[in-house]
Amino acid sequence: MKRIVVPAGVAGLVGVVAALLATAGPRPPAAVPRPVTAVTAVTLDCPDLGLRGRVPQLLDVVRGSGPDGVVRPSGGGALLGGDRQHDELLYLPRPDSGGPTPGGPDSGQSVARGPAGGPLRLVATGSAAAGLTATVTSPGSGAGPLRARCEQSRARTWFAGPATVAGRDPVLYWTNTGPRPARVSVGAASSGQTAPRVEVTVPVGRTVSRRLAELAPEATVTTVDVDVHTGRVLSWLVDRASGSGPAAATPVPPTAGPATRVLLGGFLTPAGSGGAGAPAAGPPTADLVLSAPGAAATVRVSVITASGRHTPVGLEAVRIPAGAALRRPVTLTPAGPSALLVESTDGGGIVAALGLPTGVATAAPAAPGGGPPNGRTWVAGVVPERPRWAGVVVGEPGAAGPTPPGLVVAAAPVPAWTAGALVLVAPGRAATVWVDGRRFEVGAGRAVLAPLLAGRVGARVVGTGGPLVASQVLGTAPPTAGAPSAGVATALVPRTVSAVVPLTGAWRLRYGPASLADPRVAW
């Protein structure tokens, strides 16, 4: 019989959902110090945005803490050697695929060449494992680069959003990252009904795919529940138009499971529904996707912006039938930071996601199933709760500003050929945030935009108060008004939105029970 080791005292990595950066109020009461064991190994799996080597992918890893340790990606050399804070590896498509290269030769990215194709696995050792974050980025098309987060394997994954009507063809993928055959159960809900669950077997080391239309045909919106019964599986979903190439397949990020309070974003809304340069079409309209997997639920939807929080007319009490999914249009403030807070008023669990217009200028007709003609950028839901801890929280020595100082969030670099920003949201109490030393005050029920320099080595985000949720937004850079001043770097705000990636934080040291540090020890 195999032995499963679960550490009793854990120090280091504790994922804080979507960058819940710190808590308000005084520090918890002092506890009797106990021996602390540092997390020295962690495994992350990355979705395959290259779709089996047909599109280049850029892997970015950002160290969480400690000056030593390395990260070894599947099929590549060691990264984060010595005391490097950030490293990257470019996976190029196969020579016969004819795929584009992100950014071209003058992109400004310092990369190492690696093998092409397949999901990526990262195994981190040493102090680099504590708080390690990683993302994969592909060039995308039109609206800017696509980006997805690398995560530890999970037993349950939820997705929400894509339509399967004529003209849309989303695809689900499952990769077996463990040493034994895996078995998953997949359920899908749509506006019509909940489909019967389907069992899928994934052989060792293989990736299995299935068109979402096979599970929920002719659906205007869907929610998907992936339950891993045996094995260790990475699940991911891409949204695409029928007949489109791999570069146009948009990743749909995993969203929070059923909860009574879900935050969508923050995100940056484009200038209009058609984007910069498009004919005036009024403020941008996003597609809010709601589902009640269990009992029926009634929800209130609030829009959070830089000026405050309000509930749009018609979204004060939205009734969601049991086991169904529905779509509601939400008008957003153009060219500003926003978020949606969805709250169940009767205690029913809900799943939510947001289809955000990309802002790409076009005169094309609307996309099948509703939404903007150039598709959507999908925004996942997170549960905006304050982190829970037991005992004493110990931060890194000499950390400045907030308390506790050891909760740090790393944002991957903005590709040099694009533009990016952080959107900071405080859905409840006010928060204070430092982004690479720059201070931002986020008022209660408000969203704040923090532009990021392109091509730099990521960003370090620390905060106090809140709870606080931070997301990174990527898109295309706006046209420059003139030549930049010599030696002066300017952080540009994206004019389109191609990716919205929630950030994660990590406690440096922590007493008390926590999740398994490295899933590999269970096998």
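Some ground rules come first. Residues are counted from 1 along each chain as its sequence is written, and side-chain values use heavy atoms, with hydrogens and water left out. Since the model is a prediction, local features need pLDDT of at least 70 and side-chain atom pairs count only at pLDDT 80 or more, while totals for chains, interfaces and linings use all residues.

How confident is the predictor? The pLDDT (its confidence in each residue, from 0 to 100) averages 75 over the protein, and 71% of the residues score at least 70. Over residues 1-37 the pLDDT stays under 50; the model still gives this stretch 110 contacts beyond four places in sequence, a contact being heavy atoms within 4.5 Å. Residues 273-280 also have a pLDDT below 50, and they have 17 contacts in the model beyond near neighbours in sequence.

Next comes the disulfide, which counts as a pair of cysteine sulfur atoms within 2.5 Å. Searching the whole structure turns up one. Its partners are Cys 46 and Cys 150, with sulfur atoms 2.0 Å apart. Cys 46 sits in strand E2 (residues 41-46), whereas Cys 150 is in the loop between strand E9 (146-149) and strand E10 (156-160), so the bond ties together parts that are 104 residues apart in sequence. The strand labels come from DSSP: helices (H or I, at least four residues) and strands (E, at least two) are DSSP runs, numbered from the N terminus. The link is right-handed, with 105° about the S-S bond. Both cysteines are buried, that is, under 20% relative accessible area, where exposed means over 50% and partly exposed is in between (1.4 Å probe, protein chains only).

What about the nonpolar cores? Such a core is a set of buried Ala, Val, Leu, Ile, Met, Phe, Trp, Tyr and Cys residues joined through side-chain atoms within 4.5 Å. The largest has 38 residues, and Leu 288, Leu 290, Leu 340 and Leu 354 have the most contacts inside it. Leaving aside neighbours within four places in sequence, Leu 288 touches residues including Leu 264, Val 301, Leu 326, Val 342 and Ala 353. Apart from this core lies another, of 27 residues, among them Leu 172, Ala 182, Leu 212 and Val 224.

Now for the sheets, where two strands pair if DSSP finds at least two bridges between them. Strand E2 belongs to an open sheet of three strands in the order E2-E7-E4, with antiparallel pairing. E2 and strand E4 (70-73) are the edge strands, each pairing on one side only. Four bridges join E4 to strand E7 (residues 120-125), and Val 70 stands opposite Thr 125 in E7.

Another open sheet has four strands in the order E10-E15-E12-E13, again with antiparallel pairing. Here E10 and strand E13 (198-202) have a single partner strand each, so one side of each is left without a neighbour in the sheet. Five bridges pair E10 with strand E15 (residues 222-230), and Phe 159 has Val 224 in E15 as its bridge partner. Val 224 is also among the residues of the 27-residue core.

Strand E32 (residues 446-452) is mostly covered, with five of its seven residues buried.

Methods: pLDDT is the predictor's confidence in each residue, from 0 to 100.
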